[in-house]
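Here is a short report for someone meeting this structure for the first time. Please look over the sequence and the model, then read on.

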Amino acid sequence: MPTASPAPTPEAARTARANASTAQADLAACRALLANGSRTFLAASYLLPRSVRDPACALYAFCRVADDAIDSAPAGGIDAALATLRVRLDAAYRGEAAGDVVDRAFAAVVRRHAIPRTLPEALLEGFAWDASARRYQTLADLHDYAARVAGSVGAMMALVMRSTSPEALARACDLGVAMQLSNIARDVGEDARAGRLYLPLAWLREAGVDPEAWLIAPRFDARIGAVVARLLAHADELYARAAEGVVELPASCRVGIDAARLLYAEIGREVGRRGCNSVDSRAVVTARRKAALLAHAALRLRSRTRAATAPLPATHYLVAAAASTQVATPPASRPPQGARSGSRVVWLIELFERLERQDQLRHAGGAH
């Protein structure tokens, strides 16, 4: 006959309540951080179950803080900023990240979901490449970069969703890489004016563009547009591959992840509508369009044919590291039920419309 577990002592119960309260406060701080500059992610995350949404917010907050730490480092201070981030990572993996709310929340996710250190280390390596203004000769080289700064996040998100099959992890990395390529295509002019160039140099030369000369005086022409269009076409291939992995996820997560896929793919489509001119202006997907895509994701999601496609060579080591982790098997999950799923989508549509009105009012105020 099994022996009943002893009741916790009053002191243990008080400690457990205090720890739970601290964890909730840390998550609230992560959400507040993401509300300033990551509103689309924060809003779309409400299509995920809370068991995934909370750790996802902690992951994204840590990534955001790390990225900001590198971006805000003074000239000559990048190595020091990276060293500090690695010390913080050390503390998180030892369970000693007591001094910062984001670090504490991230450490809890690492522990609970068995995130292998290879994944956040890859992210920091990508940030280091950014800081050194590294250039990429070929698409494969660009994959190496995107795998680090975005594929790693896709793999971490898959682990948070308890999806550890190689197929699910490979498709999660595909989605991360595709998202990064969309960002690169959108930000060509902004990056160039900051002295950065992510378009494959071999592609530019094939189009008749001297990369160094163009970077000195970045201007849009048909040749640049052709390179951007080529990059977007490849991103679309990866979005299609990622779609095949959605069925590998817990049912309660599928709508949210497919919504993220559609939202980011739309960035590329908006660039395309502008003639692939992302030098003179930055493409923006309107809040109304985002809301429509969210509704589309909720209404159209269906079973797809599973395609056993190997991971990109650049993400193979991330997939291998994540697939080797040991996490508890979650209980079977169900898709969001009609009324609850519908109410979430309606709420998000209203939220995006409010955000769009706020942006319009701010822009109108600035015009005066």
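## Basis of the report

This is a predicted model, in which local features need pLDDT of at least 70 and side-chain atom pairs count only at pLDDT 80 or more, while totals for chains, interfaces and linings use all residues. Residues are numbered from 1 along each chain as its sequence is written, and side-chain values use heavy atoms, with hydrogens and water left out.

## The whole chain

The protein chain has 16 helices and zero strands. Both kinds of element are DSSP runs, numbered from the N terminus: helices are H or I with at least four residues, strands are E with at least two. Of the 368 residues, 48% count as buried. Buried means under 20% relative accessible area, exposed means over 50%, and partly exposed lies in between, with a 1.4 Å probe and protein chains only.

The accessible surface comes to about 17400 Å². Carbon and sulfur atoms hold 55% of that surface. The areas come from the Shrake-Rupley method with a 1.4 Å probe; for residues, only the protein chains shown count as cover.

## Helix H8

Helix H8 covers residues 166–186. H8 has 21 residues and reaches 30 Å from its first C-alpha to its last. That is close to the 30 Å expected at 1.5 Å a residue. The expected span is 1.5 Å times one less than the number of residues. How many residues of H8 are buried? The count is 20 of the 21, so H8 is largely enclosed by the rest of the structure.

Aspartate 26 lies in helix H1, residues 10–35. Aspartate 26 is buried, because its relative accessible area is 5%. Leaving out residues up to four places away in sequence, aspartate 26 touches Val101, Arg104 and Ala105.

Alanine 61 is found in helix H3. Its relative accessibility is 0%, so alanine 61 counts as buried. Leaving out residues up to four places away in sequence, alanine 61 touches Cys30, Leu33, Leu34 and Val102. Alanine 61 and phenylalanine 106 are 45 residues apart in sequence, with 8.2 Å between their C-alpha atoms. Glycine 268 lies in helix H13. Glycine 268 is buried too, at a relative accessible area of 10%. Leucine 232 is 36 residues away from glycine 268 in sequence and 6.0 Å away in space, C-alpha to C-alpha.

Leucine 47 sits in the loop between helix H2 (39–44) and helix H3 (50–71). Leucine 47 counts as buried because its relative accessibility is 3%. Cysteine 253 is 206 residues from leucine 47 along the chain, yet their C-alpha atoms are separated by 7.6 Å.

Is arginine 112 buried or exposed? Arginine 112 counts as exposed, because its relative accessibility is 63%. Arginine 112 lies in helix H5, residues 101–113. Arginine 112 and proline 55 are 57 residues apart in sequence and 9.4 Å apart in space, C-alpha to C-alpha.

## Two positive phi angles

Most residues other than glycine have a negative phi. Arginine 162 has a positive phi, near 60°. Arginine 162 is in the loop between helix H7 (139–160) and helix H8 (166–186).

Phi of cysteine 276 is also positive, near 60°. Cysteine 276 is in the loop between helix H13 (251–273) and helix H14 (287–300). Cysteine 276 counts as buried, at 11% relative accessibility.

## The cavity

How many cavities of 30 Å³ or more does a search of the whole structure find? The search finds one. A cavity is a set of points, on a 1 Å grid over the protein atoms alone, where a 1.4 Å probe fits but cannot get out; lining residues have an atom within 4 Å of a point. The largest cavity holds about 40 Å³ of space. Grid points are joined across faces, edges and corners, and the volume is the space filled by probe spheres set on the points.

The lining is made up of Ile184, Val188, Asp191, Ala192, Arg196, Leu197, Tyr198 and Leu199. Helix H9 (residues 188–193) gives the largest share, three residues. Six lining residues are nonpolar, none are polar and two are charged. Here Ala, Val, Leu, Ile, Met, Phe, Trp, Tyr, Cys and Pro count as nonpolar, Asp, Glu, Lys and Arg as charged, and the others, Gly among them, as polar.

How values were computed
1 Å grid on protein atoms, 1.4 Å probe; cavity = no way out; pocket = protein on both sides within 12 Å on 5 of 7 lines; lining within 4 Å. Contact = heavy atoms within 4.5 Å.
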